[in-house]
Amino acid sequence: MAAASGVSRATVSFVLNDDPRQTISAATRDRVQQAARDLGYVPHGVARALREGASRVVVLNIDTGMEGNYSQSYVRGLDAELGAHDHVLLVRHGHHTPRSTRQVLDAIAPRAVIRFGETYLTGDELHDLGGGWRDGLAAHSALQLRHLVEHGHTHVAVALPDIQAPLTAARLKFTGHAALNMDIPVPVTFAAPRDRAACAEAVETFLAGAPEVTAVAGFNDEVALRVLLALRDLGRDVPHDLAVIGFDDNGFGAYSSPALTTVSIDAEAHGRLSARLALGLETGGLRPPPARVVTRQSV
């Protein structure tokens, strides 16, 4: 490449590594980059990792149960931001033990390891309760509850998955704090099983013991849609007998009857923020857009 572009090997290295300490003219950069394209140059990952002390790979660990629209847009933003800074994203999904994580670290020496959800739970602010009360999980939990309260519902239930979900405790904590701030009773909870008949039975049993409840906030859209179907099977009218709202709009709520009102969260900026934090880059000016309620017919 040095011979093809008419410069020194050191200059080629400076250009290919985008060394910020070197002042190289735009014309020289263009010649070197064109020579690299013409010659089909591809960086040698192992050699680069040995020189830099780490690979250009960033690992993201996602636990089972964290799937949804939020995770999809988060990964999209994380991947795009890492790619813009010449890094590659590796996603590990499932249960991660210290031993399995150590094997990954030893095998590829990643530049960083990110645990999915940390940015969303903590936000970018210092708050005693954590959770991102400005643009994180706490704020979005409050938004879901506030929409019900604004429609006259003060006795609310939270429908949970019938399996242990990683964010259940945090969601209930934030919803409870939001209820206290809105001066309404802390929402009660029940589990909505995946099986259709079992879900209808669970909803019927719950409502018999909590007749004061007029609205259900779903842990996510999937759980809210289970509740909607159960209420239909029980002959209950939504939203007149009971209002239902989802969370983390997965798109399927638009096709239910009635269509599911839900909370939509665009997490791409959270992913980009995580990427910059992992690479030690400035994060100023990067703010997630506010979550919004997608108003349909179930509330």
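Modeller: Rings of Phe, Tyr and Trp (for Trp, its six-membered ring) count as a pair if their centres lie within 6.5 Å; planes under 30 degrees apart are called stacked, over 60 edge-to-face, and the rest tilted. Before we go on, this is a predicted model, where local features need pLDDT of at least 70 and side-chain atom pairs count only at pLDDT 80 or more, while totals for chains, interfaces and linings use all residues. Residues are numbered from 1 along each chain as its sequence is written, and side-chain values use heavy atoms, with hydrogens and water left out.

Biologist: Fine. How many aromatic pairs are there in the whole structure?

Modeller: The search finds four aromatic pairs. One of them is Tyr74 with Phe116, an edge-to-face pair at 4.9 Å centre to centre, with 85° between the planes.

Biologist: Which residues make up the aromatic cluster?

Modeller: Tyr70, Tyr74 and Phe116 form one cluster.

Biologist: Is Tyr74 buried or exposed?

Modeller: Buried, since its relative accessibility is 1%. Phe116 is buried too, at 6%. The cut-offs are under 20% relative accessible area for buried, over 50% for exposed and partly exposed in between, with a 1.4 Å probe and protein chains only.

Biologist: Which ring does the charged end of Arg171 sit over?

Modeller: The ring of Phe247, 4.0 Å from its centre. To count, NZ of Lys or CZ of Arg has to be within 6 Å of the ring centre and within 35 degrees of the ring normal.

Biologist: OK, helix packing now. At what angle do H2 and H3 cross?

Modeller: Roughly 85°, and the axes of H2 (residues 9-16) and H3 (residues 26-39) come within 10 Å. So H2 is roughly perpendicular to H3. Axes are lines fitted to C-alpha atoms, for helices over the stretch in contact, and angles run from 0 to 180 degrees between N-to-C directions.

Biologist: Which residues meet there?

Modeller: Thr11, Val12, Val15 and Leu16 from H2, against Thr28, Arg29, Val32, Gln33 and Ala36 from H3. Contact here means heavy atoms within 4.5 Å. That contact has five nonpolar, three polar and one charged residues. Ala, Val, Leu, Ile, Met, Phe, Trp, Tyr, Cys and Pro count as nonpolar, Asp, Glu, Lys and Arg as charged, and the others, Gly among them, as polar.

Biologist: And what's the angle between H10 and H11?

Modeller: About 75°, with the axes of H10 (residues 196-209) and H11 (residues 221-233) 9 Å apart. These two are therefore roughly perpendicular to each other. The H10 residues Arg196, Cys199, Ala200, Val203 and Leu207 meet Arg226, Val227, Leu229, Ala230, Leu231 and Asp233 of H11. By class, this contact has eight nonpolar, no polar and three charged residues.

Biologist: How far apart are Ala142 and Thr175?

Modeller: They're 33 residues apart in sequence and 6.0 Å apart in space, C-alpha to C-alpha. Ala142 is in H8 (residues 137-150), and Thr175 is in H9 (residues 168-181). Ala142 is buried at 5%, and Thr175 is buried at 7%. Not counting residues up to four places away in sequence, Ala142 touches Trp133, Ala178 and Met182.

Biologist: How exposed is Asp183?

Modeller: Asp183 counts as exposed, at 71%, whereas Ala109 is partly exposed, at 32%.

Key: Helices (H or I, at least four residues) and strands (E, at least two) are DSSP runs, numbered from the N terminus. Angles under 35 degrees count as roughly parallel, over 145 as roughly antiparallel, 65 to 115 as roughly perpendicular and the rest as oblique.
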